[in-house]
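Let me put the chain up on the screen, and then I'll walk you through a few bits of it.

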Amino acid sequence: MEVNLASADTENIRDEMLRRRTFAIISHPDAGKTTLTEKLLLFGGAIQLAGTVKARKSARHATSDWMAIEKARGISVASSVMQFVYGEHVINLLDTPGHQDFSEDTYRVLTAVDSALMVIDSGNGVEAQTIKLLEVCRLRDTPIITFMNKFDRESRDPMELLDEVESVLGIQCAPITWPIGMGKRFRGVYHLLRDEVLVFAPGQESREQEFERIQGIDHPELLRRFPDEMAELAEQVELVRGASHPFDLQAFLAGRQTPVFFGSAINNFGVRELLAALIDWAPPPQPREASGRMVEPAENAFSGFVFKIQANMDPQHRDRVAFLRVCSGHFTRGMRIRHLRLGRDIQVHNPITFLAQERELVEEAYAGDIIGLHNHGSIQIGDSFSQGEALQFTGIPYFAPELFRRVRLKNPLKAKQLQKGLQQLAEEGATQVFRRLQGGDPILGAVGSLQFDVVAERLRGEYAVEAVFEPVTVQTARWIEAEDDKTLADFTRKHEEQLAEDAGGRLAYLAPSRVNLDLTMERWPKVRFHATREHA
Ligand code: GDP
């Protein structure tokens with residue numbers, strides 16, 4: 001009998017792709033992202049005990065020099081990738097650093113996911129960082145699942161929380177579960193679609209466990225155990241069903257509506273429901289836009305793009321790792337792939353996978369997976385790889401920095417090293433570097449001020465350069481394009497003082513103030529001022 005190998009492979013690629021979910025958790029610091037991550041990994045059987053994520057994080061801190069900054073501030077600068085298996089599914093969880101001082105990395109990680117889980121501290125409601133991160137998800141209409149965390153503590157009124165998400169974040173809420181009481185009187189959640197009560201039991205910190213389920217909102221057992229709370233719940237549910245939106249899968253997938261769950265991450269309560277939503281509703285790997293055409297995840301040929309570069313993940317290997325999101329096809333170890341920007345084939349002998357934070361060699365990968373490529377300087381953020389076809393993936397942005405510093409060398413003889421160091425750090429996406437057309441010291445741009453500390457530390461450690469960072473009167477930057485060459489030449493002549501080139505040679509306008517930017521934009525209608533720009 002003849003076997004059609006090609007179509008068997010096609011089918012396999014499709015099945016493997018369909019069982020993948022790639023997502024990130026977005027939240028304001030302290031909302032419970034780390035705690036929830038631990039619980040999710042627990043379900044996947046990836047770790048035995050809660051607390052491991054943190055413990056391993058700090059072990060890594062202790063062995064790495066520049067990451068000492070992280071340790072000192074008790075935060076995670078470097079985001080990472082965790083892969084685990086849950087039932088039939090392969091889950092890729094991408095960590096986004098959540099500190100106030102977060103960096104552009106945080107933003108770009110969100111370009112590599114197909115959905116996001118938004119965690120809200122129910123005592124605080126929608127907070128600043130969540131707003132920023134959600135704006136980034138908006139750029140690609142990423143579907144969002146919402147978790148209202150910490151209901152084991154006194155929280156805001158649940159209806160008020162939904163209102164706040166709708167009005168502040170501008171996304172419709174569809175409650176899937178509803179809390180029964182809160183704080184000391186937290187009894188559990190009622191599943192609005194399944195008409196089932198999940199009974200809360202506190203203190204289940206470190207084990208995967210089953211919570212008691214009771215079918216039917218008017219079950220006599222519930223009325224007997226929680227007479228007051230159940231009466232209140234019946235009233236609320238009627239109100240909720242009347243006033244809120246029913247869940248609409250299409251609206252969720254289009255990023256217009258978010259299903260909302262209530263629970264308590266630390267008690268592992270409500271976490272299984274989140275996983276179910278992720279598996280049942282969140283999309284598998286999505287088609288990706290490349291120059292010229294859309295790339296479908298089930299295509300046979302491998303393709304992917306680099307969204308992040310991380311240095312010194314393992315101090316034993318002083319290398320840099322490029323994180324590549326697979327967009328299509330089937331990757332196998334030892335495969336030859338084309339580095340499109342350089343127009344060169346590379347053979348990938350030792351790609352890294354991220355099995356719940358252990359670095360291991362990857363044997364194969366499919367759309368949705370993240371693989372790590374060893375990088376000795378030839379890979380930049382935004383680089384695309386394929387099996388030959390010229391596919392430059394789009395939508396991996398640089399964001400206009402909000403903070404600026406002038407870099408002054410302590411020892412002028414080190415100018416060459418400084419230049420090299422800044423160029424590499426810029427290619428990694430650690431910071432942005434601008435050089436004024438009129439010359440002078442380079443100017444660094446960042447989204448979070450911690451980026452400057454990281455750059456200073458790394459210049460010292462890796463390039464032996466001591467530099468001083470000084471304030472500079474730049475408030476914001478915009479990348480410049482003009483409708484025609486003459487306009488560009490006129491604009492350049494008039495505003496040479498404010499113009500600079502970034503590390504990729506793109507022209508940028510460094511505005512001393514917002515007012516100045518607004519006025520300049522008004523005066524030059526034929527010039528386009530971009531707040532983001534594409535990589536590569
Ligand atoms: P992250 O900064 O978002 O990663 O937040 P963490 O996961 O580190 O949690 C911040 C704090 O909130 C920690 O002290 C957690 O123990 C606590 N926390 C997390 N989830 C819950 C919860 O469900 N209930 C309560 N009461 N505390 C929680």
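This is a predicted model: local features need pLDDT of at least 70, side-chain atom pairs count only at pLDDT 80 or more; totals for chains, interfaces and linings use all residues.

Residue numbers run from 1 along each chain as its sequence is written.

The chain has 15 helices and 33 strands; those are DSSP runs, H or I of at least four residues for helices and E of at least two for strands, numbered from the N terminus. Out of 536 residues, 46% count as buried. Buried here means 20 or more other C-beta atoms within 10 Å of the residue's own, exposed means 12 or fewer, partly exposed is in between, and the C-beta atoms are placed from the backbone.

Now, helix α6. T130, L133, L134, V136 and C137 are the buried ones in α6. Looking down the axis, they fall within an arc of 155°, so they line one face of the helix. That arc is taken from the directions between the helix axis and the C-beta atoms. Among the elements covering them are β1, β5 and α7, where contact means C-beta atoms, placed from the backbone, within 7 Å. After α6 comes D141, with a positive phi near 50°.

On to α7, residues 158–169. Here P158, L161, L162, V165 and L169 are buried, and they cover an arc of only 100°, which puts them on the same side of α7. E160 and S167, on the other side, are exposed. The buried set packs against α6, β5, β6, β7 and β11. And α7 is followed by G170, again with a positive phi, near 65°.

Last stop, the open sheet. Its 8 strands run in the order β28-β25-β27-β26-β30-β31-β29-β32, with antiparallel pairing; strands pair if DSSP finds at least two bridges between them. β28 and β32 are the edges, each pairing on one side only. β25 and β28 share 5 bridges, and R408 has V468 in β28 as its bridge partner.

Definitions and conventions: Two residues are in contact if their C-beta atoms, placed from the backbone, lie within 7 Å.
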